[in-house]
Amino acid sequence: MLSVLIPIYNQNCSKLIYALQHQIDQLDVPVEIVAIDDASIVYKEENRKALNNTNHRYIELPNNIGRAAIRNKLATIAKYDYLLFMDCDTYPASDYYLHNYIQCLQSNSYQNGVICGGYKYSLQPPVDTQQLFRWKYGRNREQNLAVERNKFPYKSFSSFNFCIPSKVFASIQFDETIKGYGHEDTWFGIALKENKVPVIHIDNELFQVSIDKTDIYLEKSRNAVKNLYTLYTTSDKMSMFEQIKLIRVFEKIKKMRLCAMGAFLYDVSKENLEKNFHSHHPLLVLFDFYRLGLLCKESLLANNNSLLPNKDEV
């Protein structure tokens, strides 16, 4: 019936695994857990212990293969017809988390497509103020009810918490050319739309347990913008990028020949913007400007242009 797939990297997943095992014991359909550690440096013993002496599988890779490749590998190892992918730094928001997915899969209305469960963040802000920015972004931009996500099902796709038939996944898979953090989800969502795979969203969330500190999240975000620009410039599916607001605004700036100005403003304001992101009152609208400016800069660097605006673009 269901293979629960967990890619692990430097996270203690024992609580998550024990919670899933408890839920599996309450079900009357076959469910397996398959976890692969992507050459972590820490927590191997804890994760190994959680899956020892069970009917589930835990594998440790000698070398890190990355976010996309490890998810593809998990799918090839899974033995059941439906795959439930979840991030390793999570915890079910409901004791009926697995039951809810199975109920959807068994319903008469299910169309052999993708089911996305969604994000959930703690109501209380983190004690560590250096986690506040990432928490605020998650609460305001990632945590949305299914009724909202279903308005734009492909745009709202996330690999954080989703279920997919194994045959459908085998026909698409994650793009392993995307390196580091960011936008492998975007590309997968575009592929689902292009292949006309139905995507539905339900309220069956996972808590985001591990919250990145601001420096780490900014580094990931910069890498994500670079990945997005690479996808944007190398893809033959340009119309599919219209669902990404950052690309839509970037396109307008390009048409107005203001990329150099955007990159210049990014460079001169970067330090002050990052101070805001580290503060007690980070502003997400400034983060939007930050990523847009970085996208403009990536464009100019790719075309070997000066980062200073010239008189024709001011």
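**Ground rules.** I number residues from 1 along each chain as its sequence is written, and side-chain values use heavy atoms, with hydrogens and water left out. Since the model is predicted, local features need pLDDT of at least 70 and side-chain atom pairs count only at pLDDT 80 or more, while totals for chains, interfaces and linings use all residues.

**Sheet.** I started with the strand order (helices, H or I, at least four residues, and strands, E, at least two, are DSSP runs numbered from the N terminus). I found 7 strands in an open, mixed sheet, ordered β3-β2-β1-β4-β8-β6-β9; two strands pair if DSSP finds at least two bridges between them. β3 and β9 (199-201) sit at the edges with a single partner strand each, so one side of each has no neighbour in the sheet. Neighbouring strands are turned by 20° against each other on average, direction ignored; axes are lines fitted to C-alpha atoms, for helices over the stretch in contact, and angles run from 0 to 180 degrees between N-to-C directions.

**Pairs.** I looked at β2 (31-37) and β3 (57-60): they are parallel, with 4 bridges, and Ile36 is opposite Ile59. With helix α2 (44-51) these strands make a right-handed β-α-β unit, meaning that with the strands pointing away from the viewer, the path from the first strand over the helix to the second runs clockwise. β6 (114-116) and β8 (161-165) are antiparallel with 2 bridges, and Cys116 faces Phe162 there.

**Helix packing.** α1 (14-25) touches β1 (2-8), β2 and β4, at about 165° to β2; contact means heavy atoms within 4.5 Å. α3 (67-77) touches β1, β2, β3 and β4, at about 145° to β2.

**Cores.** Next I checked the nonpolar cores (sets of buried Ala, Val, Leu, Ile, Met, Phe, Trp, Tyr and Cys residues joined through side-chain atoms within 4.5 Å). The largest has 38 residues, and Ile6 and Leu20 are among those with the most contacts inside it. α4 (97-106) gives the most, 6 residues. Beyond four places in sequence, Ile6 contacts include Leu16, Leu20, Ile36 and Met86. A separate core of 32 residues includes Tyr217 and Ala263.

**Asp87.** I ended in the loop between β4 (82-86) and β5 (90-92), where Asp87 sits. Is Asp87 buried or exposed? Asp87 is buried, because its relative accessibility is 14% (buried is under 20%, exposed over 50%, partly exposed in between, with a 1.4 Å probe and protein chains only). Leaving aside neighbours within four places in sequence, Asp87 contacts Leu16, Arg71, Ser159 and Phe160.
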